[in-house]
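Below is a set of questions and answers on how labels are given to parts of a structure. Look at the structure first, then read on.

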Amino acid sequence: MTARSTRCTTAAKTRTSRLAAVAAIAVAGSMLLTACGDQTEGGSAEGTSSSQKPATTAPLFSKLPADIQKSGVIKVGTDASYAPMEFTEDGKIVGVDPDIAQALSKQLGVRLDFVSGTFDGLITSIYSGRQDLIMSSMTDNKKRQEGLDDNGKKIGKGIDFVDYFSSGVSLLVKKGNPQGINSLDDLCGKTVAVQRGTIYEDTFKAQATKCGAKKLTIQAFDTDAEAQTRVKAGGAVADLNDYPVAAYIAKTSGGGNDFEVVGSQSDVGLFGIGVSKDETQLRDAVKEALDAIIKDGSYAEVLKKWDVEDSAVTSATVNAGK
């Protein structure tokens, strides 16, 4: 189980994610990378778009739906506040996911245009057709596949996932670990901060039930950056993030003096590229493109660039999350 929620400011974006000072590398290529905008309202910030026609000689161009072939663009929703997976630097969205998308675009022959919004509005943007894909370190799980809320109630048709990344979750605490937190059980009787709408919030809620009378207080925020700030200020003892993100935050925020990662990784799961259940042709083209970049080595190059090789998958899968 791993994944994020709302974000768009960096303390550093994810997943409810994250970061303060991030050393960003701008994504090259013809992909349109925009600054943060309110995706739930359909807004996007200014970006630079390419006027070039689709590269029809790309090996998988013909596998795409006709409307995407015609437009030359796949619209991608993200929450760019989750370094190193996706975050903003100098008005551009950069990170692991945009770089993977750039590699995919070479196989598909179209641009992947990223627009940032709140994490908890991303699935809705697929339902509404505002976006074609989600690339936002989103955990593939049955609840999202089937369109269920936390209580198992049907709230939408659900989405499909092309799984591309594997990660566990880790606790992020103030540097020096003044409260001696080493596991979820150590949180009972304390206050935690988390990004709203993420699986991390679900994990804390489950732990609160386990704590019982020794109450665990959960403070949920729109962005993980806000949750991080709360921990840094001492108002909460821990935040929860995917391990690569937590490690990146600990390494970079405040020059490495703000946070540290404690305990072992838990709930290892898959991140998926989200797509509408009605768009099986697009889903299958993306899956084939992912397999192609795994095979040609460009996928491994991206992960090495961001020091997340341990999260590699060996092949693309669909809806393999639990």
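Q: Which residues does Leu303 touch, leaving out those up to four places away in sequence?
A: In this predicted model, Leu303 touches Val96, Ile100, Phe165, Val308, Glu309, Ser311 and Ala312. Contact means heavy atoms within 4.5 Å, and each of these residues counts as touching Leu303 on that basis.

Q: Why is Leu303 called buried?
A: Buried means under 20% relative accessible area. Leu303 has 1% relative accessibility, so Leu303 counts as buried.

Q: What makes Cys188 and Cys211 a disulfide?
A: A disulfide needs two cysteine sulfur atoms within 2.5 Å. The S to S distance of Cys188 and Cys211 is 1.9 Å, so the pair meets the cut-off. The structure holds 1 disulfide.

Q: What parts does the pair Cys188 and Cys211 tie together?
A: Cys188 lies in the loop between strand S8 (159-174) and strand S9 (191-195), and Cys211 lies in helix H5 (residues 199-211). The pair therefore ties together parts that are 23 residues apart in sequence.

Q: Why is the disulfide called left-handed?
A: The torsion about the S-S bond of Cys188 and Cys211 is about -80 degrees, so the disulfide is left-handed.

Q: Are Cys188 and Cys211 buried or exposed?
A: The cut-off for buried is under 20%. Cys188 has a relative accessible area of 12%, so Cys188 is buried. Cys211 is at 10% relative accessibility and therefore counts as buried.

Methods: Residues numbered from 1 in each chain as written. Predicted model: local features only at pLDDT ≥ 70, side-chain atom pairs only at ≥ 80, totals over all residues. Heavy atoms only, no water. Buried < 20%, exposed > 50% of the residue type's maximum accessible area, 1.4 Å probe, protein only. Helix = DSSP H or I, 4+ residues; strand = E, 2+ residues; numbered from the N terminus.
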